[in-house]
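Take a look at the model below.

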Amino acid sequence: MHINLKTLTQEARNNIKGLLELVFTHTSKEKAVLVYDENSTLSRVLSQAYMAAMPHAKLINFDKETPENILASFELLSPFDLVILVQSTSFRLDAFRMRIELFKKKIKVLEHPHLSRMTDEQVPIYINSLNYDKDYFTGVGRTLKTKVDSASQGVIDSGGETLIYDTPFEPAKLNIGDYSEMVNTGGQFPIGEVFTEAQDLTALNGRLNIYCFGDVTYKINTPE
């Protein structure tokens with residue numbers, strides 16, 4: 001599949017500007033650090049897009065910098081500054097767990113992990129998913145949470161098989177880009193989940209058709 005990297009980078013830049021403004025309320029008045037690699041199509045597109053959207057950010061190529069210098073750059077940050085992690089796999093600095101340790105310093109973190117798992121066909125889909133529609137995310141997200149939190153039971157119809165949750169659910173968690181009631185600001189992107197689990201797992205009964213699964217190569221496997 002041929003993909004137009006210039007067009008995708010421009011789209012990614014526009015979507016990123018929306019994330020920075022609407023989700024992270026980040027401006028050029030705060031410091032920013034972009035840590036990236038160039039080991040996958042998606043990491044190259046996103047890193048170039050962030051560079052265009054954030055000309056004030058300090059740039060760190062993870063593969064060309066020492067761990068000591070990366071940590072030293074983090075030490076210069078103040079609470080509510082921003083770190084962006086664009087990772088083909090997942091960055092490791094020995095015992096320093098990047099997102100966790102940065103959160104401890106009240107630093108905002110926008111993380112894109114495991115980008116090498118995306119095929120070239122999936123790159124445009126991933127970039128499109130970064131287009132943050134605040135009204136949609138908050139409207140649909142909170143509506144789903146209201147329905148889940150008030151439900152006395154749930155039914156999954158998977159095409160000829162029925163799985164019944166004869167129990168209420170735990171209060172639904174939202175990952176919709178609203179961090180106003182949370183201790184930390186940021187996390188892994190893309191976002192949009194509304195998730196929960198049964199209060200009583202023994203009240204689960206029935207059957208479920210599973211049409212695909214994630215295999216050991218991190219790809220979707222759909223058996224015949």
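In this predicted model, three strands form an open sheet with the order 5-6-10 and antiparallel pairing. Strand 5 (154-157) and strand 10 (204-206) stand at the edges. Each has a single partner strand, so one side of each is left without a neighbour in the sheet. On average, neighbouring strands here are turned by 15° against each other, direction ignored.

Now look at one pair of strands. Strand 6 (residues 162-165) and strand 10 run antiparallel, joined by three bridges. Y165 stands opposite L204 in strand 10.

| Pocket | Volume | Lining | Classes in the lining |
|---|---|---|---|
| Largest | about 250 Å³ | 13 residues | five nonpolar, three polar, five charged |

Which residues lie nearest the centre of the largest pocket? They are R142, L174, D178, E181 and M182. Helix 6 (134-150) and strand 7 (173-175) are the elements that give two or more residues to this lining. Strand 7 provides the largest share, three residues.

Key. Residues are numbered from 1 along each chain as its sequence is written. This is a predicted model: local features need pLDDT of at least 70, side-chain atom pairs count only at pLDDT 80 or more; totals for chains, interfaces and linings use all residues. Side-chain values use heavy atoms; hydrogens and water are left out. Two strands pair if DSSP finds at least two bridges between them. Helices (H or I, at least four residues) and strands (E, at least two) are DSSP runs, numbered from the N terminus. Axes are lines fitted to C-alpha atoms, for helices over the stretch in contact, and angles run from 0 to 180 degrees between N-to-C directions. On a 1 Å grid over the protein atoms alone, a cavity is a set of points where a 1.4 Å probe fits but cannot get out, and a pocket is an open set with protein on both sides within 12 Å along at least five of seven lines; lining residues have an atom within 4 Å of a point. Grid points are joined across faces, edges and corners, and a volume is the space filled by probe spheres set on the points. Ala, Val, Leu, Ile, Met, Phe, Trp, Tyr, Cys and Pro count as nonpolar, Asp, Glu, Lys and Arg as charged, and the others, Gly among them, as polar.
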